[in-house]
Amino acid sequence: MDEPAGLRERKKERTRNLIAQEALRLFRAQGFDEVSVVEVAAAAEVSKATLFRYFPTKEDLVLHRFADHLGEAARVVRERPAGLTPTAALRDHFLAGLAARNPITGLNDHPEVLSFQDLVYRTPSLHIGMRQRYTSQDIDALADALLSGGGSGSGGAPPIVRRLAAAHLIAVQQELGQENWRTITSGRTADEAYDDAVAAAEGAYGQLMTGLDAV
């Protein structure tokens with residue numbers, strides 16, 4: 001008798017989670033470049049072929065965790081309150097993330113979060129892969145949101161101007177997050193670094209609001 005579709009999906013999800021957990025355990029302990037896909041598959045007790053069905057590349061074993069945030073900036077812009085500019089909406093969203101210690105802002109000192117961020121930022125193939133895989137898609141989505149979002153912003157600008165605006169906004173998020181991670185790894189707690197992180201975010205987004213010539 002065939003298994004119900006729901007049961008099959010739950011089994012697949014468990015297998016996927018197990019592979020990802022074992023991969024992260026090995027990568028943290030030995031380093032991303034020192035662990036082979038074959039070793040990950042063996043630790044998860046699956047075949048190499050099964051592993052690749054869930055994660056097409058070795059980098060996907062780590063970078064899949066960022067997929068949940070793909071298109072987030074575009075969503076924030078599309079759903080922003082009337083009268084709020086796209087930049088102000090993204091600033092407020094980032095500030096809320098800082099207050100909540102959202103790991104994506106870099107301002108999180110939980111050991112598990114720090115271990116994961118250390119792995120990504122200190123492994124060139126993962127850091128570059130994160131930027132290559134998700135940045136371009138986020139910029140495209142945000143550029144579309146700037147066109148369709150309505151209200152004040154870059155909606156009436158030529159496509160290249162919207163894309164450049166989107167690129168700057170995405171870059172600000174990424175650079176603030178990485179700088180916050182550097183601050184935490186230097187020995188400060190998230191609470192100790194919070195005020196400086198808020199000031200940096202307000203300054204960075206404020207710079208975009210007033211123009212780069214205000215630097």
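**Salt bridges and a surface patch**

A: Let's start with Arg25, which is partly exposed because its relative accessible area is 45%. Keep in mind that this is a predicted model.

Q: Which side chain does Arg25 meet in a salt bridge?

A: That's Glu22, with an N to O distance of 2.7 Å. Both residues sit in helix α1 (residues 5-30), three residues apart, or about one turn of the helix.

Q: Is Glu22 buried or exposed?

A: Glu22 counts as buried, because its relative accessibility is 16% and the cut-off for buried is under 20%.

Q: How many salt bridges are there by this rule?

A: The count comes to 13.

Q: What does Glu59 pair with?

A: Glu59 forms a salt bridge with Arg133, and their closest N and O atoms are 4.0 Å apart. That pair links distant parts of the chain: Glu59 is in the loop between α3 (48-54) and α4 (60-63), while Arg133 is in helix α8 (residues 124-148), 74 residues apart. Asp60 joins Glu59 and Arg133 in a network of salt bridges.

Q: And what about Arg131, where's its partner?

A: Arg131 in helix α8 is linked to Glu175 in helix α9, 44 residues apart. The closest N and O atoms of that salt bridge are 3.5 Å apart.

Q: Switching topic: which residues form the nonpolar patch on the surface?

A: Ile160, Val161 and Leu164, with about 260 Å² of accessible area together. Val161 is in helix α9 (residues 159-185), and it counts as partly exposed because its relative accessibility is 39%.

Terms used
Residues are numbered from 1 along each chain as its sequence is written. This is a predicted model: local features need pLDDT of at least 70, side-chain atom pairs count only at pLDDT 80 or more; totals for chains, interfaces and linings use all residues. Side-chain values use heavy atoms; hydrogens and water are left out. Patches are made of residues with over 30% relative accessible area and no salt bridge: like charges are joined within 9 Å, nonpolar side chains (Val, Leu, Ile, Met, Phe, Trp, Tyr) within 5 Å. Accessible areas come from the Shrake-Rupley method with a 1.4 Å probe; for residues, only the protein chains shown count as cover. Helices (H or I, at least four residues) and strands (E, at least two) are DSSP runs, numbered from the N terminus. Buried means under 20% relative accessible area, exposed over 50%, partly exposed in between (1.4 Å probe, protein chains only).
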